[in-house]
Amino acid sequence: PPVRAQDWVPRSQLARVRGGEDHVVVTNANCGYVDLAVNLFLSMKKLGQSNLLVFAEDCAALESLVFALGPDHVVRPLRRPQDAPAADDREGSGPRDEAHVYNTAGFRNMTSSRPIYLSYLLLLGFDVLWQDSDSVPLQRPVASHVPRWAALSVVDDTSINSYEERGFPKNFYFCSCLLFLRACPENIWLLKRWRALLDMSRDSEDQAVFNKALQDVGHPLLFRGGGGLEAADDGAGDGAGHGSAPSAPGSSPAAGNGQTG
């Protein structure tokens, strides 16, 4: 039978995954991204962390991830597994190939599901670090680079994106691939707005929609992550594995309108 929403991720499972950490690291994977999710898990374990929760987007991913990571670290799709596409190992011949290609329907379905997962976990009272599966942590980003006052920490992406061409104010564009969110009303409202905008613009790039949501709601407890958070990126842009130190907390938070003060 389909998974009931209220039974989707039991608190007991989340508590086991979190272990002795103060947050859960969350990602998702369809059948085209299983190997990357497994690589993320193994990379975290090298840092002494195993608090990863992976939302499986289809039945092929579910089966492979449970085998590789163990059942506690995997969340099954809300829809029935038989409703999900079957995997096809022949490149260019089926869902496995389509699922990992940028901007295909399978790819957009995977990336646009982030606010749904994050909302669910935050409403259960768990702080969350979202990390895209195609990235590798070089250090513990939350412990090292997120100040205690910050409810939302994002990677400042203004230096490598033509944000003004996308209709955003100068110095206001953030990467949604690595997000730390504490369980608080401000983040619940942000995620609700992100979901609403995605529903209204199915063909839009979800990162641009995230920035629009952040601009709409503002965030008094936003921290612009610097090189420390970027060090966990996968090599895109100018900050993977190196870069400058994070901005000082006193100068980093956004003002109430979502722009830097």
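## Helix α9

Just after helix α9 (residues 206–217), G218 takes a positive phi of about 65°. The model is predicted; local features need pLDDT of at least 70, side-chain atom pairs count only at pLDDT 80 or more, and totals for chains, interfaces and linings use all residues. Residues are numbered from 1 along each chain as its sequence is written, and side-chain values use heavy atoms, with hydrogens and water left out. Helices (H or I, at least four residues) and strands (E, at least two) are DSSP runs, numbered from the N terminus.

Helix α9 has 12 residues and reaches 17 Å from its first C-alpha to its last. This is close to the 16 Å expected at 1.5 Å a residue, where the expected span is 1.5 Å times one less than the number of residues. Of the 12 residues, 9 are buried, so α9 is largely enclosed by the rest of the structure. Buried means under 20% relative accessible area, exposed over 50%, and partly exposed in between (1.4 Å probe, protein chains only). The buried residues of α9 are D206, Q207, A208, V209, F210, N211, A213, L214 and V217.

How many salt bridges does a search of the whole structure find? The search finds 7, a salt bridge being a side-chain nitrogen of Lys or Arg within 4 Å of a carboxyl oxygen of Asp or Glu.

One of them joins R193 and D216, whose closest N and O atoms are 3.0 Å apart. R193 lies in helix α8 (residues 185–200) and D216 in helix α9, so the pair ties together parts that are 23 residues apart in sequence. R193 is partly exposed at 25% relative accessibility, and D216 is partly exposed at 34%. D216 also meets the side chain of K212 in a salt bridge (2.7 Å, N to O). K212 and D216 are 4 residues apart in α9, and therefore separated by about one helical turn. K212 is partly exposed, with a relative accessible area of 35%. Salt bridges that share partners also join R114, D132 and D206 into one network.

## Helix α1

Which residues of helix α1 (residues 11–18) are buried? They are Q13, L14 and V17. These residues cover an arc of only 100° around the axis, which puts them on the same side of α1; the arc is that of the directions from the helix axis to the C-beta atoms. The buried residues of α1 pack against β1 (24–29), β2 (52–56), β3 (74–75) and α6 (114–123). Just after α1, G19 takes a positive phi of about 60°.

D72 lies in the loop between α3 (59–69) and β3, so the pair ties together parts that are 56 residues apart in sequence. D72 is partly exposed, with a relative accessible area of 27%, and R16 is partly exposed at 48%.

## Confidence

The predictor's confidence in each residue is pLDDT, from 0 to 100. The mean pLDDT of the chain is 73, and 63% of its residues reach 70 or more. Confidence is highest in β2, at 96, and lowest in helix α10 (residues 227–230), at a mean of 38.

Over residues 80–95, pLDDT stays under 50, and the model has 22 contacts for them beyond four places in sequence; contact means heavy atoms within 4.5 Å. Over residues 226–261 the pLDDT is below 50, and this stretch has 78 contacts in the model beyond near neighbours in sequence. Where pLDDT is low, the predicted coordinates should not be read in detail.
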